Amino acid sequence: MYVDGFVLPIPKKNIDAYKKMARKAGKVWMEYGALQYVEAQGDDVPPGEITSFELSVKAKKDEVVFFSYIVYKSRAHRDKVVKKVMADPRIAAMDPKSMPFDGKRMIFGGFKPVVSF
């Protein structure tokens with residue numbers, strides 16, 4: 001198993017637009033073989049003084065933090081899926097300037113699970 005994880009701030013006024021975009025993107029990822037695609041809106045996200053989800057993406061008062069992840073069979077599987085996704089015109093046509101969030105404040109990475117049930 002391999003997991004791509006994301007944390008990003010979404011302006012409250014753009015939540016519906018983000019959900020619409022995420023539903024489209026999720027369908028593409030699943031079509032190309034992702035095992036699971038999850039977009040989760042912050043609900044019980046405590047503020048921090050040194051670190052927190054909100055601090056990690058410099059969330060503003062009018063933004064909500066989303067935590068998202070995509071599950072694959074392996075890193076090699078992820079690399080194949082992502083290559084296909086990025087070449088798909090439905091994804092390639094998405095203009096980063098018109099995204100309903102500030103992509104510069106998104107954090108992301110690939111993770112190899114060490115414990116899983």
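Buried here means under 20% relative accessible area, exposed means over 50%, and partly exposed is anything in between, using a 1.4 Å probe and protein chains only. Strands (E, at least two residues) and helices (H or I, at least four) are DSSP runs, numbered from the N terminus.

Some ground rules: this is a predicted model, where local features need pLDDT of at least 70, side-chain atom pairs count only at pLDDT 80 or more, and totals for chains, interfaces and linings use all residues. Residues are numbered from 1 along each chain as its sequence is written, and side-chain values use heavy atoms, with hydrogens and water left out.

Four strands make an open sheet, ordered 2-3-1-4, with antiparallel pairing (two strands pair if DSSP finds at least two bridges between them). Strand 2 (36-41) and strand 4 sit at the edges with a single partner strand each, so one side of each has no neighbour in the sheet. From one strand to the next, the twist averages 15°; the axes behind such angles are lines fitted to C-alpha atoms, and angles run from 0 to 180 degrees between N-to-C directions.

Strand 1 (residues 2-11) is joined to strand 3 by ten bridges, and strand 2 is joined to strand 3 by six.

| Residue | Partner in strand 3 |
|---|---|
| Asp 4 | Ile 70 |
| Pro 11 | Glu 63 |

**Aromatic rings**

Searching the whole structure turns up six aromatic pairs. Rings of Phe, Tyr and Trp (its six-membered ring) pair if their centres lie within 6.5 Å; planes under 30 degrees apart count as stacked, over 60 as edge-to-face, and the rest as tilted. Phe 53 and Phe 67 are an edge-to-face case, at 6.2 Å centre to centre with 65° between the planes. That pair links distant parts of the chain, 14 residues apart: Phe 53 is in helix 2 (residues 53-56) and Phe 67 in strand 3 (residues 63-72). Phe 53 counts as partly exposed because its relative accessibility is 41%, and Phe 67 does too, at 37%. Ring pairs also tie Tyr 18, Phe 66 and Phe 101 into a cluster.

**A surface patch**

After strand 4 (107-111) comes the segment that holds Phe 117. With a relative accessible area of 98%, Phe 117 is exposed. Together with Val 114 and Val 115, Phe 117 forms a nonpolar surface patch of about 480 Å² accessible area.

How values were computed: Patches are made of residues with over 30% relative accessible area and no salt bridge: like charges are joined within 9 Å, nonpolar side chains (Val, Leu, Ile, Met, Phe, Trp, Tyr) within 5 Å. Accessible areas come from the Shrake-Rupley method with a 1.4 Å probe; for residues, only the protein chains shown count as cover. A salt bridge is a side-chain nitrogen of Lys or Arg within 4 Å of a carboxyl oxygen of Asp or Glu.
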